[in-house]
Amino acid sequence: MTPVKVFGPAQSTNVARVLLCLEEVGAEYEVVNVDFTVMEHKSPEHLKRNPFGQIPAFQDGDLYLFESRAIGKYILRKYKTREADLLREGNLREAAMVDVWTEVETHQYNSAISPIVYECIINPAKRGIPTNQKVVDESAEKLKKVLEVYEARLSQSTYLAGDFVSFADLNHFPYTFYFMGTPYASLFDSYPHVKAWWERLMARPSVKKLAAVMAPQGA
C-alpha cells in the first residue's frame, strides 16, 4: 500500500496533530517538507493541495485534504480498529462526548494557549518579534479559567470524553507540548487532574515519538 503523504514540517503544531493520528493507528506515511523561506506554501502546486496556502495538506492516492482536524478524523476512520477507535462512532453517547471536547479544544483551549506559545516561542525565535507581555498575561488568565473547567471534568473521568483516550485528547498535544517549554508551564501544577491527564498523554508511544521530533527545533 502506498504511504499517505503529509505536506509540511513535523514541527508545525497542525502538522504534528495529523502525524499523531497516523502514529496512533500505525499507518505508513511520508512527510513532505514545505519550504516557507521560498514561499513554497503559496506555490501553484501547493495551492492545489491546500487552496488557502497553508499547512498541512494531505494526500491519499487521488484524494487531497486540508485542515488538520478534518484530516485527523479521516485517518481515524480509515484505519479504525478495535484497538484504535479514537472517534467512538459506534457508540452515540461516547461519540458525542468526543465531538464536544474536540470543539472545546478548538474554540476554548486552543484560543487561550496558542497566543502564549506564539508570544513566548514562535515570535521571538522564528520572527524576531519581542514578546508582547500584555497578550501573554491576558491569555494566561483566560487559560486558567479554561483549565478550571478541565479540572472539574477530569476529576470525573480519566480522559476528556470518558474513561478512554480519544481524538479530543490527542488534539491538545501540539500546543500543550510547546507551552510546557514556556515560563508558564507551572500553571498546570495548580490543576492536579489536568496535570495527571497530560502526563498520561505524554506517556503514549505515539506522543513520545512526535515529542522527540518536535523538541529540537521548537514550534
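A contact here means a pair of residues with heavy atoms within 4.5 Å. By that criterion, among contacts in the protein between residues at least 6 apart in sequence, 66% join residues at least 24 apart. The structure examined is a predicted model.

The secondary structure amounts to nine helices and four strands, which follow one another along the sequence in the pattern β-α-β-α-β-β-α-α-α-α-α-α-α. The radius of gyration is 17 Å, close to the 17 Å that the globule rule gives for 219 residues, so the protein is as compact as a globular protein of that length. Along its principal axes, the C-alpha trace spans about 45 × 45 × 25 Å. Of the 219 residues, 50% are buried. The exposed surface comes to about 10800 Å², with carbon and sulfur atoms supplying 53% of it. As for charge, the protein carries 25 positive and 27 negative charges, whose mean positions are 1 Å apart.

H1 is mostly covered, with 12 of its 13 residues buried. Just after H1, glycine 26 adopts a positive phi of about 70°.

Two individual residues illustrate how the chain packs against itself. Histidine 46 is found in helix H2, which runs over residues 44–49. With a relative accessible area of 0%, histidine 46 is buried, because the cut-off for burial is under 20%. Leaving aside residues up to four places away in sequence, histidine 46 touches Phe7, Val34, Glu40, His41, Gly53, Gln54, Ile55 and Ala57.

The other residue, phenylalanine 173, lies in helix H7, which comprises residues 173–179. Its relative accessible area is 2%, so phenylalanine 173 also counts as buried. Again not counting residues up to four places away in sequence, phenylalanine 173 touches Leu20, Trp198, Met202, Val207, Leu210, Ala211 and Met214.

How values were computed: Residues are numbered from 1 along each chain as its sequence is written. This is a predicted model: local features need pLDDT of at least 70, side-chain atom pairs count only at pLDDT 80 or more; totals for chains, interfaces and linings use all residues. Side-chain values use heavy atoms; hydrogens and water are left out. Buried means under 20% relative accessible area, exposed over 50%, partly exposed in between (1.4 Å probe, protein chains only). Helices (H or I, at least four residues) and strands (E, at least two) are DSSP runs, numbered from the N terminus. The radius of gyration is taken over C-alpha atoms; the globule rule is 2.2 Å times the number of residues to the power 0.38. Accessible areas come from the Shrake-Rupley method with a 1.4 Å probe; for residues, only the protein chains shown count as cover. Lys and Arg count as positive and Asp and Glu as negative; His and the chain ends are not counted. The place of a charge is taken as NZ of Lys, CZ of Arg, CG of Asp or CD of Glu.
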